[in-house]
Amino acid sequence: MVDPDTAEPDGARRAATEARDRVRFEEEALALADQVYRVARRFVSTREEAEDLVQDTYARAFRSWQSYTPGTNLRAWLLRILTNLNVDRGRRLQRRPDETPLEETDYYLANRMAESAGEQVLDQDRVVERLSQDSIVTALSSLPDDFRDVVVLVDIGDFSYADAAQILDIPLGTVMSRLHRGRRLLKSRLAEEAVQ
Amino acid sequence: MTDCDKCEELLQGYLDRELTDDEVVIAEAHLNGCDYCRRRYRFEESLRVYVRTTAAERMPPGLMERLAQLRVTDAGATPI
């Protein structure tokens, strides 16, 4: 009896292996779609833009699947495509971090809440729920693009500093400084909205 | 710089688990003895969880099907 696998000519076997790899790639990429969308949604202002961005990302990913190295972080690879597409679209505000106002310190939001409601308010488990969902989404979208990219990747997408650096193609130190400044700005904006 | 200022400076890196071992020792020693900073540590910790959950929007219905249609392989005909 002839084993059909070994009986195949090399070329046909290679093609079959490649087809299997490609199916697996597509399925693994699709399994990450919800996580990719969550990040995309906070990069842009409308749901429609986020859907377009994710569709363009997957169209490009499926075409250039061979440039993905199996075993590496596929979610980061997809986000790298997505952030590049988002920059190419030119919808970003392009505001330079240097031109943004100085943010308050790390404790600012907690301090403002403690000033307005008393220090003990911070002992409440659900104190953060005094902030509305709208105010958080609005505050995130008001961040300068360069800061928001890093805050969204790390704080919403749960990427490490190193992954964020690779996705955005910026040095690790830049990730850290933008993240720290972005989070402080976010808290300044939240304090403006939440504490009258 | 007071100990609380130092703690404030270390807190984000501490929550990110990106501090050096020496910095972790400094931060934890201070947090153990300081109500003021411990309250703010807990606040920052729960703020992160809250931001993550409130800002996370699920994929709209229908998008998965449209993505599956972009597949190049034959398997694209049957969405997973």
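How many residues of domain 1 of chain A are in contact with residues of domain 2 of chain A? Ten residues of domain 1 of chain A are in contact with twelve residues of domain 2 of chain A. Here, two residues are in contact if their C-beta atoms, placed from the backbone, lie within 7 Å.

## What you're looking at

This is a predicted model, in which local features need pLDDT of at least 70, side-chain atom pairs count only at pLDDT 80 or more, and totals for chains, interfaces and linings use all residues. Residues are numbered from 1 along each chain as its sequence is written, while chains are lettered from A and ligands numbered from 1 in the order in which they are written.

The model scores ipTM 0.85 and pTM 0.86. As for pLDDT, that's the predictor's confidence in each residue, from 0 to 100. Chain B has a mean pLDDT of 90, with 91% of its residues at 70 or more. Residues 76–80 of chain B are another story: pLDDT stays under 50 there, and the model has nine contacts for them beyond four places in sequence.

## The two domains of chain A

Chain A splits into domain 1 (4–89) and domain 2 (97–194), with bounds that come from an automatic or database domain assignment. Taken over C-alpha atoms, the centres of domain 1 and domain 2 of chain A are 30 Å apart. On the side of domain 1 of chain A that touches domain 2, the elements giving two or more residues are α3 (33–43) and α5 (74–89) of chain A. Helices (H or I, at least four residues) and strands (E, at least two) are DSSP runs, numbered from the N terminus.

That side of domain 1 of chain A has four nonpolar, three polar and three charged residues. In this sorting, Ala, Val, Leu, Ile, Met, Phe, Trp, Tyr, Cys and Pro count as nonpolar, Asp, Glu, Lys and Arg as charged, and the others, Gly among them, as polar.

## Inside the cores

A nonpolar core is a set of buried Ala, Val, Leu, Ile, Met, Phe, Trp, Tyr and Cys residues joined through C-beta atoms within 7 Å. The largest one has 55 residues, and A:Val36, A:Ala40, A:Val150 and A:Leu153 touch the most other members. Helix α8 (residues 145–156) of chain A gives the most to this core, with seven residues. Both domain 1 (4–89) and domain 2 (97–194) of chain A supply at least three residues each. Apart from this core lies another, of six residues, including B:Cys7 and B:Tyr41.

Why does A:Ala162 count as partly exposed? A:Ala162 counts that way because it has 13 C-beta neighbours inside 10 Å. A residue is buried if 20 or more other C-beta atoms lie within 10 Å of its own, exposed if 12 or fewer, and partly exposed in between, with C-beta atoms placed from the backbone. You'll find A:Ala162 in helix α9 (residues 161–168) of chain A.

Chain B has four helices and zero strands. Its C-alpha trace spans about 65 × 25 × 20 Å along its principal axes. Of the 80 residues of chain B, 20% count as buried.

Where the chains meet, 31 residues come from chain B and 37 residues from chain A. On the side of chain B that touches chain A, α1 (3–15), α3 (35–55) and α4 (63–69) of chain B each give two or more residues. The largest share, eleven residues, comes from α3(B). This side of chain B divides into 17 nonpolar, four polar and ten charged residues.
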